[in-house]
Amino acid sequence: MENNQLLKISEIEGRGRGIVATQTLKPGQIILKDSPLLLYSASVKNSTYCSNCFRVILQSPIPCSWCTSSFFCTSNCQSIALSSSHTPWVCQSLTHLRNTFSSHNNLNVDQQIQAFFLISAYNLAVISPSSFRVLLSLQGDSSFVSESDVLLLHSLVATCPSLNLGEFGFSKELTAALLAKDKVNAFGLMEPFEADRERGVRAYGIYPMASFFNHDCLPNACRFEYVDTDVNSRSNTDMVVRVIHDVPEGREICLSYFPVNFKYSERQQRLKEDYGFTCNCDRCVVEANWSDGEDDAMDKEGEENEDEAEEDEEMEEDVDDEVNVNGEVEERDQDFPHAYFFLRYMCNRENCWGTLAPLPPDASLSSVMECNVCGNLSKSDEL
């Protein structure tokens, strides 16, 4: 974890713990590089991505020496995994689980992936007890996980080869606590972007510092993944977080947990089901008063062609009066307060909906905006 001198974890009234800027931050500034405590596959059967670094395997995959369901991109990745994330116990347990999945139809895909997480988490307790303690210290209440899922998954993992967990032990309570941490803290490492298909998740990771970022529907920072592009580094699964615009000292740093183009009802449903809270950010307060028809109309407005010069000039005049140096709307149009954010910070590439952030201010191309989904680069004065 780097650059944590820029941030601190603070108690935010009504929001729990969150991350606050300890100094003024510049647009595009990298405020966090965070390495995962653990990673686990988002696919029951996978030969596309390396089981260690989760890069796309471009050449002939190297199969695991002990099982037929895990593959690696290089012998170096295989060697690293065998002493960390893919120990003999993990290998045997994953093989056992996959055999169980094929013979029993009572587990859905989500439950199967949760079982993979538990194997990774219990393995972490053995190879790095200190990292396991950090995992247990993260936010996540056991009451947020259904009792039936806990019983089912705990009994499933109990059928795997035995493992000495030392001081932590193996208990239903610990399984419940781990599942709760996973539910509210896991970040998806996404598949490469393709405009003509839905983007899936290749793996999930839990990041010790990034887990404390709260959500906002108009975020002031966004995360970047360079899983495939950082080809020569073992840190290719690190999360990089950059601020979108100027952020003053003492301001909370927030990410959006999903694409910013989601409608109010979709956002609220997702947050309630996946994270257990209702969002009351400025945007949601305004949109809560909209009818479904108005919500759909705003979606349609956002998708219309914006090439006509007169319309663009009129919008720019309106926006210039409303936006301060922090990229925040001051005199907000109560019908559509986030128009500037959508114009300035949302990628307009087809089917992308990513968030744009400037390249780091110390870069020679700091006036260039980068999309955190498709990776597209565009000059800020062209937006």
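Predicted model: local features only at pLDDT ≥ 70, side-chain atom pairs only at ≥ 80, totals over all residues.
Which residues make the contact between α4 and α6? On the α4 side they are Phe 132, Leu 135 and Leu 136, while α6 brings Leu 174, Leu 178 and Lys 181. Sorted by class, the contact of α4 with α6 has five nonpolar residues, one charged residue and no polar ones.

## The chain as a whole

Stepping back, the chain holds eleven helices and 15 strands. It has 383 residues, and 48% of them count as buried.

How much of the contact in the chain joins residues 24 or more positions apart? Such pairs account for 66% of the contacts with a separation of 6 or more.

## The nonpolar cores

In soluble globular proteins, nonpolar side chains tend to be buried together. Here, the largest nonpolar core has 63 residues. Ile 31, Leu 135, Phe 213 and Ile 253 are the ones with the most contacts inside this core. Leu 135 is also one of the α4 residues in the contact with α6.

Leaving aside residues up to four places away in sequence, Phe 213 touches Leu 7, Ile 19, Ile 31, Leu 32, Val 241, Ile 253, Leu 255 and Tyr 257. Two of these partners, Ile 31 and Ile 253, are named with Phe 213 among the residues with the most contacts inside the largest core.

## A three-stranded sheet

Strands of a sheet pair through backbone hydrogen bonds, either parallel or antiparallel. In this chain, three strands form an open sheet in the order β13-β14-β15, with antiparallel pairing. At the edges are β13 (356–358) and β15 (377–379), each pairing on one side only. On average, and with direction ignored, neighbouring strands of this sheet are turned by 35 degrees against each other.

Strand β14 (residues 368–371) pairs with β15 over three bridges, in the antiparallel sense. Which residue in β15 does Glu 370 stand opposite? Its counterpart there is Leu 377.

Conventions
Residues numbered from 1 in each chain as written. Heavy atoms only, no water. Core = buried A, V, L, I, M, F, W, Y, C linked by side-chain atoms within 4.5 Å. Buried < 20%, exposed > 50% of the residue type's maximum accessible area, 1.4 Å probe, protein only. Contact = heavy atoms within 4.5 Å. Helix = DSSP H or I, 4+ residues; strand = E, 2+ residues; numbered from the N terminus. Nonpolar A, V, L, I, M, F, W, Y, C, P; charged D, E, K, R; others polar. Pairing = 2+ DSSP bridges. Axes fitted to C-alpha atoms, helices over the stretch in contact; angles between N-to-C directions.
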